[in-house]
Amino acid sequence: MAETESALKIAVLVKHVPDAQFDRHLSGDNNTTDRSESILSELDEYALEAALQLIEARGGEAAGHRVTAVTMGPAGAVNAVKKALQIGAHDGVHLSDEALAGSDASGTSKALAAVVRHLGDVDLVLTGMASTDGETSLVPAQLAEMLGLPQVTFASSLELQQEDGGWRLTARRESDHVAETVESALPAVVSVTDQINEPRYPNFKGIMAAKKKTITTLSLADIGLDASEVGLAGAWTRVNDAQPRPPRSQGVIITDEGDAGIRLVDFLAEQKLL
Amino acid sequence: MATVLVYLDNPGASLHKTDRELLTLAGTLGEPSVALIGELDSAVAAELGAYGVQTVFQPSDSGLADLLVAGKAAFLAAAAEAANAGALLLGNTFEAKEIAARAGVRLESGVITDAVAIAPDFTVTKSVFAGSYTVNAVVTTGRPIITVKSNSIEVADPTEAGTPEVREIDVPAPTAAARITGRSEKTASGRPSLDEARIVVAGGRGVDGDFSPVEDLADALGGAVGASRAATDAGWIDHSAQIGQTGKTVSPQLYVSAGISGAIQQKAGMQTAKVIVAVNKDPDAPVFEIADFGVVGDLATVLPQATEEIRKRKG
Ligand SMILES: Cc1cc2nc3c(=O)[nH]c(=O)nc-3n(C[C@H](O)[C@H](O)[C@H](O)COP(=O)(O)OP(=O)(O)OC[C@H]3O[C@@H](n4cnc5c(N)ncnc54)[C@H](O)[C@@H]3O)c2cc1C
């Protein structure tokens, strides 16, 4: 009964992160992340794919549903939004302000929560399970706390049903010992794992269509935040110093000549690991 | 001395090794107290007393144990205020990190995850970018909230005798929370859990559907079984065994990698292991770049031979 469903508005949070295929660095006096060689965090592609699948199952953009890609960060961060638009998001938002540099999880959450509030009537905030740079997984939970919304994290499947004029979400989560079914009303903050789907690639049509899509640039003032609340100034944590880990010294490599299992055990015995 | 509040989630009838690690660490940093969800078993209470725990905070509403993160975080924040805690310590599971995250918002306090050491001034040592940097970080605002990786602390023998005082805290149930409506337990393997294991033996696509050589070696070594994503995606082993960027991060004393190429996302989960042993048919497999001991060979013969040799030597 697609015609009776209300329009869905989904915000997908996307992050511009250093490409893990290259060596990644901390730089500057404050040991912040060096963002040259950055890409759309591959874990966010799963969130975007989940958003697109949810709306495509209900008639997509033609039925009034919308997926907005949201990022924050310096000028280059807009590339994460552009990639999301090529993949299929309908419009984009870039919170851009030099004062955001060096934001920790709390500052990032504060800024993103303010963007979500600014967008208004968002039904679903979708994120990846972690950023591939900070890797803390703190932001989805902090966003939910700040927005006063239910959180459903690490979803490996998602379903939506219209119910009593609102939306109800059912998700599956897997942990070591249990598989859980979790239910929540919308609006909610949801993070998804890389088990949930197979993200699509941008195709030529998508790349051309993206050029016509709107990216709204917002400043801190637009979303009602002061520079002192974000970035290094507003961070609740600080990195005092950073040391690159010494490279692992080359170990012993042997070729099996019929006794490698025994030589392996000799090595373990030498290392007192038996 | 400041109170250091340790969060324990449903310890059941006895403390877990990670709980003991947190209590040991808390004892070196200040006076340990505990915020505990779930029933307080008398044996657990006695053990907490032996770790010098003065007070155990519990939610007055036992239903909180079944709630998702929002309720647990609200309880922890309330306990931190009641204890006037100087710092909060939690384990490093995904859920514990989220509880820390939300309690951090409630307490306007900074959160640092993945700690491997904490100095007396609460400077935290952790590694970032999949182990390529070691950083020292501090919480600059509020009560430091720190999640600690397992196996980072040598568990101390509890010495003090004493029974902690139990204090119940009223926590209003959060209005906006998701609800768990179904739950199915997975069968336990009887092996140590990946989070706690000193030894991990992991298999990849090279096991070609048969994990038994990996499992047998793990059992001979008393270790846990892990896997690459290729192996979990193929359905050869449960997804919870996955090691790596989107699986578990482990730092065991010994990591045995068998039939795993060593892609960057796999390395992200294991390269801080003390000793890395790799068995792979391909001499150019990237895993050999980080192996302390590598065997170019077929895991289907090398692993069983090693297992048999270990059994022989152990008698
Ligand atoms: C977003 C994202 C997240 C990811 N997260 C993870 C993660 O958390 N963990 C993870 O592991 N991967 C992850 N991956 C996948 C990762 O990139 C690799 O594809 C994966 O690790 C490969 O697994 P593998 O080494 O078992 O398989 P392969 O790369 O196929 O390697 C198999 C190896 O086995 C060897 N071999 C074959 N037969 C034998 C034999 N009989 N004896 C000995 N050796 C043999 C081969 O020489 C080869 O080196 C992720 C990828 C993406 C895109």
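Which residues of strand β15 (residues 293–296) of chain B are buried on one side, and which on the other? In this predicted model, local features need pLDDT of at least 70 and side-chain atom pairs count only at pLDDT 80 or more, whereas totals for chains, interfaces and linings use all residues. Residues are numbered from 1 along each chain as its sequence is written, chains are lettered from A in the order in which they are written, and side-chain values use heavy atoms, with hydrogens and water left out.

Strand β15 of chain B is covered on both faces, with B:Phe293 and B:Val295 buried on one side and B:Gly294 and B:Val296 buried on the other; buried means under 20% relative accessible area, exposed over 50%, and partly exposed in between, with a 1.4 Å probe and protein chains only. Strands, here and below, are DSSP runs of E with at least two residues, numbered from the N terminus, and two strands pair if DSSP finds at least two bridges between them. Strand β14 (residues 275–280) of chain B pairs with β15(B) in the parallel sense over four bridges, and within this pairing B:Ala278 has B:Gly294 as its bridge partner. From the other chain, strand β15 (residues 252–255) of chain A also runs parallel to β15(B), to which four bridges join it, and A:Ile253 stands opposite B:Gly294.

A further pairing between the chains links strand β14 (residues 237–244) of chain A with strand β7 (residues 133–139) of chain B, which are antiparallel and share seven bridges; here A:Ala242 stands opposite B:Val135.

The size of an interface is often given as the accessible area lost when the parts come together. For chain B and chain A the buried area (the accessible area, with a 1.4 Å probe, that two parts lose on being put together, summed over both) is about 7,100 Å², of which carbon and sulfur atoms give 55%. The contact, defined by heavy atoms within 4.5 Å, takes 81 residues from chain B and 77 residues from chain A. Six salt bridges are found across this interface, a salt bridge being a side-chain nitrogen of Lys or Arg within 4 Å of a carboxyl oxygen of Asp or Glu. One of them joins the side chains of A:Asp266 and B:Arg313, at 2.5 Å from N to O.

Within chain A, A:Thr170 lies in strand β10 (residues 166–174) and counts as buried because its relative accessibility is 18%. Leaving aside residues up to four places away in sequence, A:Thr170 touches several others, including A:Ser157, A:Leu158 and A:Thr181.
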